[in-house]
Amino acid sequence: MTDALEKVAFIGIGKMGLPMSVLVAKAGFSVTAFDQSAARISEARAQGIAIAASPAEAVSGNAAVVTSLPDDAALLGALLGPTGIIAAITPGAALIETSTVSVDASTEVAAAAQARGIAYLRSPVSGNASIVHTGALTCFVSGPKDAFEKAKPLFAAFTRAQTYLGPAEEARYAKLSVNLMIAVSAAMMAESLALARKGGIAWQDILKVLDDSAVASPMVKYKTAPLRNRDFESTFSCKQMAKDLDLILGAGHAVGVPLQLAAQVRETYGSLVAQGDGETDFIATVKHLERLSGLGEPKL
């Protein structure tokens, strides 16, 4: 820990923000948090996190502010405008933004932060709510490199690895690129499993084939484990993946990259949301392809 970053504010203490704030507090930092949800505030207090009466109170005088927010609207609403926290953050402080948001929204935040003399670090985390409490998240970081170097002890408190990518929006593109690979991989797995089942292969057998084959990436192994028991409890929902694919397609359009697979997979997730699976884990692509293929539940 460095003296300059002893005091940290967390804005947004949901499934990701709360366990991150707890890890930071355990590492010896003084943590103050704020969230709009009374239930989340109560849970944070139960875990020993100090709660401020307002977002402005949370960030005032703190040398680092960490935000964990669900989407562009929440980000812009919380940070910008006369009541946004950027107006209350002390000039010279570091704003560490960990959400998955659009490049356009992030650019708006960057301009407002620069005008206030705030070091804005785009720091989207990679991982999910099932592992965040272990400190196993990784993150991509872009923004002022000197601010990143100064904040390394803070990053180390809630992530196992950080990759610095450049001075501007590089981290946003990195996170969207990774999530595109995850979304397409989930769709690919669904088609492969449906084809194998139609070919007469038992459920557990095809999962073993995938695990033992050349395609057995960490992503594949991560999802074959819950699929053995047909566990679709959400670690990252279909609704969230649809949102991220919208961001991915917007980014592709903006820079002139045709994202044909992303567009197709976005429609798959749109179908899942429309059928009531919006809160189901994103690997519910498996169920979607089974329905399209006339397949029922497999024998476990």
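The buried residues of helix α12 are covered by elements that include α7 (170-198), α8 (203-212), α9 (218-227) and α11 (260-277), where helices (H or I, at least four residues) and strands (E, at least two) are DSSP runs numbered from the N terminus. Before I go on, a word on what we are looking at: this is a predicted model, in which local features need pLDDT of at least 70 and side-chain atom pairs count only at pLDDT 80 or more, while totals for chains, interfaces and linings use all residues. Residues are numbered from 1 along each chain as its sequence is written, and side-chain values use heavy atoms, with hydrogens and water left out.

Let me stay with α12. The helix spans residues 285-293, and Thr-285, Val-286, Lys-287, His-288, Leu-289 and Glu-290 are buried in it; buried here means under 20% relative accessible area, exposed means over 50%, and partly exposed lies in between, with a 1.4 Å probe and protein chains only. His-288, which belongs to α12, has a relative accessible area of 8% and is therefore counted as buried. Setting aside residues up to four places away in sequence, His-288 touches Thr-268, Ser-271, Leu-272 and Gln-275, a contact being heavy atoms within 4.5 Å. Just after α12, Gly-294 has a positive phi of about 75 degrees.

In the loop between α11 and α12 we find Thr-280, and at a relative accessible area of 14% Thr-280 is buried too. Again without residues up to four places away in sequence, Thr-280 touches Phe-232, Ser-234, Phe-236, Ser-237, Cys-238 and Lys-287, and Lys-287 is one of the buried residues of α12.

Is Lys-223 buried or exposed? Lys-223 sits in helix α9, and because its relative accessible area is 2%, Lys-223 counts as buried. Beyond its neighbours within four places in sequence, Lys-223 is in contact with Met-189, Thr-235, Asp-281, Phe-282 and Ile-283.

Now to the charged pairs. Side chains of opposite charge can pair when their charged atoms come close. Searching the whole structure gives 14 salt bridges, each defined as a side-chain nitrogen of Lys or Arg within 4 Å of a carboxyl oxygen of Asp or Glu. One of them joins Glu-169 to Arg-122, with the closest N and O atoms 2.9 Å apart. That pair links distant parts of the chain, since Glu-169 is in the loop between β9 (161-166) and α7 while Arg-122 is in strand β6 (residues 119-122), 47 residues apart. Both Glu-169 and Arg-122 are buried.

Another salt bridge joins Asp-211 and Arg-228, the closest N and O atoms being 2.7 Å apart. Here Asp-211 lies in helix α8 and Arg-228 in the loop between α9 and α10 (238-255), 17 residues apart. Asp-211, at a relative accessible area of 15%, is buried, whereas Arg-228, at 24%, counts as partly exposed.

A further pair is Asp-246 with Arg-266, whose side chains meet at 2.7 Å, N to O. This one connects helix α10, which holds Asp-246, to helix α11, which holds Arg-266, across 20 residues. Asp-246 is partly exposed, with a relative accessible area of 41%.

Finally, the domains. The assignment gives domain 1 (7-167) and domain 2 (174-293), with bounds that come from an automatic or database domain assignment. Their centres, taken over C-alpha atoms, are separated by 29 Å. How many residues of each domain are in contact with the other? The contact involves 13 residues of domain 1 and 10 residues of domain 2. Together the two domains bury about 890 Å², 66% of it on carbon and sulfur atoms, buried area being the accessible area (1.4 Å probe) that two parts lose on being put together, summed over both. On the side of domain 1, Thr-100, Asn-128 and Phe-140 lose the most area to domain 2, together 48% of what that side buries.

Between domain 1 and domain 2 the count of salt bridges is zero. By class, the side of domain 1 that touches domain 2 has seven nonpolar, five polar and one charged residues, where Ala, Val, Leu, Ile, Met, Phe, Trp, Tyr, Cys and Pro count as nonpolar, Asp, Glu, Lys and Arg as charged, and the others, Gly among them, as polar.
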